[in-house]
Amino acid sequence: MNAGAAPEKIWQKEDALDCHYATPVFYDGFLYGFHGRQEQGQELRCIDPKDGAVKWSQEMAPGALLVADGKLIIVTEQGELILAAAEPGAYRELARGQILGSEARPPAALSGGKLYARDKRRLVCIELKSEN
């Protein structure tokens with residue numbers, strides 16, 4: 001876009017990736033994010049940002065979303081940590097475990113292979129080891 005030029009709309013869709021509060025992540029040419037409203041149920045989705053096409057959709061509790069080393073790192077509001085492959089072909093869960101209590105809504109942080117997440121009562125640090 002040239003300086004002073006108006007932005008150009010590439011596409012617009014009503015039902016592609018309607019994020020309630022978690023910001024989607026862009027990885028390897030695709031967007032991953034939570035679609036829908038927290039009160040009505042959400043789905044984790046992968047969409048193609050070129051045209052808004054939904055590549056896959058997986059029912060899931062809302063949460064925070066990060067991406068690293070080809071993996072989606074999800075901390076749900078119920079305190080579950082879910083690792084999934086960041087790939088557009090299909091949703092593929094790699095690991096799942098309870099790390100916090102409920103109401104784990106704050107965004108998680110990742111630094112030096114350690115995941116920091118919190119609920120209303122505590123902060124946890126989880127070491128994420130690479131399989132490589």
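The protein chain has an accessible surface of about 8,000 Å², and 48% of that surface belongs to carbon and sulfur atoms. The model is predicted. Its secondary structure consists of 11 strands and 0 helices.

**Whole chain**
- Along its principal axes, the C-alpha trace of the protein chain spans about 45 × 35 × 35 Å.
- The protein chain has 132 residues, and 36% of them are buried.
- Read along the sequence, the pattern of the protein chain is β-β-β-β-β-β-β-β-β-β-β.
- Take the contacts in the protein chain between residues at least 6 apart in sequence: 35% of these join residues at least 24 apart.

**Charges**
- The protein chain carries 16 positive and 19 negative charges.
- The mean position of the positive charges and the mean position of the negative charges are 5 Å apart.

- Strand β3 covers residues 41-47 and strand β4 covers residues 54-60.
- These two strands run antiparallel and are joined by 6 bridges.
- Within this pairing, Arg45 stands opposite Ser57 in β4.
- The hairpin has 6 residues between its strands.
- Gly52, in this hairpin, takes a positive phi near 80 degrees.

**Leu17**
- Leu17 lies in the segment before β1, a strand that covers residues 25-27.
- Is Leu17 buried or exposed? The relative accessible area of Leu17 is 19%, and buried means under 20%, so Leu17 counts as buried.
- Which residues does Leu17 touch, not counting residues up to four places away in sequence? They are Pro24, Leu31, Gly33, Phe34, His35, Arg45 and Ile47.
- Leu17 and Ala53 are 36 residues apart along the chain, and their C-alpha atoms are separated by 9.6 Å.

**Glu77**
- Where is Glu77 found? Glu77 is in the loop between β6 (71-76) and β7 (80-85).
- Glu77 has a relative accessibility of 10%, which is under the 20% limit, and therefore counts as buried.
- The side chain of Glu77 makes a polar contact with the side chain of Arg105, at 3.3 Å.

Note on methods. Residues numbered from 1 in each chain as written. Predicted model: local features only at pLDDT ≥ 70, side-chain atom pairs only at ≥ 80, totals over all residues. Heavy atoms only, no water. Helix = DSSP H or I, 4+ residues; strand = E, 2+ residues; numbered from the N terminus. Buried < 20%, exposed > 50% of the residue type's maximum accessible area, 1.4 Å probe, protein only. Contact = heavy atoms within 4.5 Å. Areas by Shrake-Rupley, 256 points an atom, 1.4 Å probe, with all protein chains shown as cover. Lys, Arg positive; Asp, Glu negative; His and termini not counted. Charge placed at Lys NZ, Arg CZ, Asp CG, Glu CD. Polar contact = N/O pair within 3.5 Å; in protein donor to acceptor, adjacent residues only side chain to side chain. Pairing = 2+ DSSP bridges.
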